[in-house]
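Reader: I have a model open and would like to talk through parts of it with you. Could we begin with the sheet?

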Amino acid sequence: MSIVIHHNADCGTSRNVLAIIEASGETPVIILYLETGWTRPQLLALFAAAGLTPRQALRTTKSPAEVLGLLDPVVDDETLLAAMLENPVLINRPIVCSSKGIRLCRPSEAVLGLLDKLPSGLMTKEDSTLLIDTQGNRVG
């Protein structure tokens, strides 16, 4: 199974995750979900496989969630799903699928558990946080 990343190129975490995947030697399938959108069955399957509820997958910052009234805890999952289908930016990212599972990779180092092989050599996030040392060992 190839690795699939539901990616937003404007998101630093998503860019970090993509860089980690590529540094591991994988060529992932990149789904630009802001352009393609989601289907209800797709979201339900991704959330179920990742062990997420729509509330847990809701992007609460840098999204219209607050303006749409979605942060109120009384808003139910059906309402959240409908809003996510209408506004794909409401879904936290990146979501990565591999043979080892499906996961919302926040923080970006969460993707390391989905890889068959860690990147070799030094690997840092965009903010210079060390992820892999010069010997290819996972840090933290």
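Author: Before the sheet itself, a word on pairing: two strands pair if DSSP finds at least two bridges between them. This is a predicted model, and in it strand β1 (residues 4–6) pairs with β3 in the antiparallel sense, over three bridges.

Reader: Which residue in β3 is the bridge partner of His6?

Author: The bridge partner of His6 there is Ile95.

Reader: And what is the order of the strands in the open sheet?

Author: Four strands make up this open sheet, in the order β2-β1-β3-β4, and their pairing is mixed. The edge strands are β2 (29–31) and β4, each of which pairs on one side only. On average, neighbouring strands of this sheet are turned by 15° against each other, with direction ignored.

Reader: Let's stay with β3 for a moment: is Ser98 buried or exposed?

Author: Ser98, which lies in strand β3 (residues 95–98), counts as buried because its relative accessibility is 6%, and buried means under 20%.

Reader: What does the side chain of Ser98 reach?

Author: The Ser98 side chain reaches the backbone oxygen of Leu114, at 2.8 Å.

Reader: Changing topic, which residues form a nonpolar patch on the surface?

Author: That patch is formed by Leu122, Leu130 and Val139, which together have about 240 Å² of accessible area.

Reader: Where is Leu122 found, and why does it count as exposed?

Author: Leu122 sits in the loop between β4 (101–104) and β5 (123–124). Leu122 counts as exposed because its relative accessibility is 56%, and the cut-off for exposed is over 50%.

Terms used. Residues are numbered from 1 along each chain as its sequence is written. This is a predicted model: local features need pLDDT of at least 70, side-chain atom pairs count only at pLDDT 80 or more; totals for chains, interfaces and linings use all residues. Side-chain values use heavy atoms; hydrogens and water are left out. Helices (H or I, at least four residues) and strands (E, at least two) are DSSP runs, numbered from the N terminus. Buried means under 20% relative accessible area, exposed over 50%, partly exposed in between (1.4 Å probe, protein chains only). A polar contact is a pair of N or O atoms within 3.5 Å; within protein, one must be able to donate a hydrogen and the other to accept it, and residues adjacent in sequence count only if both atoms are side-chain atoms. Patches are made of residues with over 30% relative accessible area and no salt bridge: like charges are joined within 9 Å, nonpolar side chains (Val, Leu, Ile, Met, Phe, Trp, Tyr) within 5 Å. Accessible areas come from the Shrake-Rupley method with a 1.4 Å probe; for residues, only the protein chains shown count as cover. A salt bridge is a side-chain nitrogen of Lys or Arg within 4 Å of a carboxyl oxygen of Asp or Glu. Axes are lines fitted to C-alpha atoms, for helices over the stretch in contact, and angles run from 0 to 180 degrees between N-to-C directions.
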